[in-house]
Amino acid sequence: MPSLEPFRIFTRKLEDLELRYMVSGSVAAIFYGEPRLTNDVDIILMLAARDARRIADSFPNEEFYCPPADVIALELSREQRGHFNLIHHETGFKADLYLIRNDPLHLWAIRHTLVTKLDDDVIRFAPPEYVIIRKLQFFREGQSAKHLRDISRMLASMEPEWDRKTLLDLIREYGLDSEWALVQEREA
């Protein structure tokens, strides 16, 4: 597995703040699958209004680009798709933080987060089913083959006894059968 060191800049601070989060997107696909290059990390974050100031204070402007607390609060007020970015000045690494509101898939995934210890750090990953469902949705929206590749690599790397029942149930629930068929074609 490639080093997750650049992304721990963000997860360490979220752990220190004792916020509920999970790493998703490409970094999670790399964790569950095979290495590929990426220069950002997607983090799904459960945040309360009082936490906007805590986030802004924990990512100081001398080290990070972080939007002001009022911008974070504005994003938090959105019913759907609220998000903001953090950028570490020295390395240029970016974290895209997506806020959990009422999205049932986010809420399910945060309850099923995989907690992993890497050296002295704790990193919380979205469950593989969540990562796969989101990648299928992103493929449907943008038709980027990288999402199907990531899914295929994840499936090839996961334990053969991994129970796919939850994944298949979620695929049906979210109407992703045709996108899933494309993944199955790649595996054949």
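This is a predicted model: local features need pLDDT of at least 70, side-chain atom pairs count only at pLDDT 80 or more; totals for chains, interfaces and linings use all residues.
The buried residues in question are Glu-179, Trp-180 and Val-183. When α9 is viewed down its axis, these buried residues fall within an arc of 100°, so they line one face of the helix.

In general, two packed helices are described by the angle between their axes and the distance between the axes. Helix α7, which spans residues 145-157, packs with α9, which spans residues 177-187, at an angle of about 60°, and their axes lie 10 Å apart. The two helices are therefore oblique to each other, and the crossing in which α7 passes α9 is right-handed. On the α7 side, the residues that take part are Leu-148, Arg-149, Ile-151, Ser-152 and Leu-155, and these meet Glu-179, Trp-180, Leu-182, Val-183, Arg-186 and Glu-187 of α9. Sorted by class, the contact of α7 with α9 comprises six nonpolar residues, one polar residue and four charged residues.

For the pair formed by α6 and α9, the axes come within 9 Å and cross at roughly 105°, which makes α6 roughly perpendicular to α9. Helix α6 contributes Ile-132, Leu-136, Phe-139 and Arg-140 to this contact, while α9 contributes Glu-179, Trp-180, Leu-182 and Val-183. The residues of the contact of α6 with α9 divide into six nonpolar and two charged, with no polar residue.

A buried face was also found in helix α4, which covers residues 69-77 and in which Ala-69, Ile-72, Glu-75 and Leu-76 are buried. Seen down the axis of α4, these residues fall within an arc of 120°, so they line one face of the helix. The partners of the buried residues of α4 include both helix and strand elements, since they pack against α3 (residues 51-58), β4 (residues 83-88) and β5 (residues 94-99).

Attention then turned to individual loop residues. Glu-18, placed in the loop between α1 (residues 5-16) and β1 (residues 21-24), has a positive phi of about 55° although it is not a glycine. With a relative accessibility of 71%, Glu-18 counts as exposed, because the cut-off for that class is over 50%. Asp-119, in the loop between β6 (residues 114-118) and β7 (residues 121-125), likewise has a positive phi of about 55° without being a glycine. Asp-119 has a relative accessibility of 62% and also counts as exposed.

Thr-38 is found in the loop between α2 (residues 25-32) and β2 (residues 40-45), and its relative accessible area of 22% makes it partly exposed. When residues up to four places away in sequence are not counted, Thr-38 touches Phe-7, Ser-26, Val-27, Ile-30 and Phe-93. Thr-38 and Ala-56 are separated by 18 residues in sequence, and their C-alpha atoms are 25 Å apart in space.

Technical notes
Residues are numbered from 1 along each chain as its sequence is written. Side-chain values use heavy atoms; hydrogens and water are left out. Axes are lines fitted to C-alpha atoms, for helices over the stretch in contact, and angles run from 0 to 180 degrees between N-to-C directions. Helices (H or I, at least four residues) and strands (E, at least two) are DSSP runs, numbered from the N terminus. Angles under 35 degrees count as roughly parallel, over 145 as roughly antiparallel, 65 to 115 as roughly perpendicular and the rest as oblique. A crossing is left-handed if the near helix is turned anticlockwise from the far one by less than a right angle, and right-handed if clockwise. Contact means heavy atoms within 4.5 Å. Ala, Val, Leu, Ile, Met, Phe, Trp, Tyr, Cys and Pro count as nonpolar, Asp, Glu, Lys and Arg as charged, and the others, Gly among them, as polar. Buried means under 20% relative accessible area, exposed over 50%, partly exposed in between (1.4 Å probe, protein chains only). The arc is that of the directions from the helix axis to the C-beta atoms.
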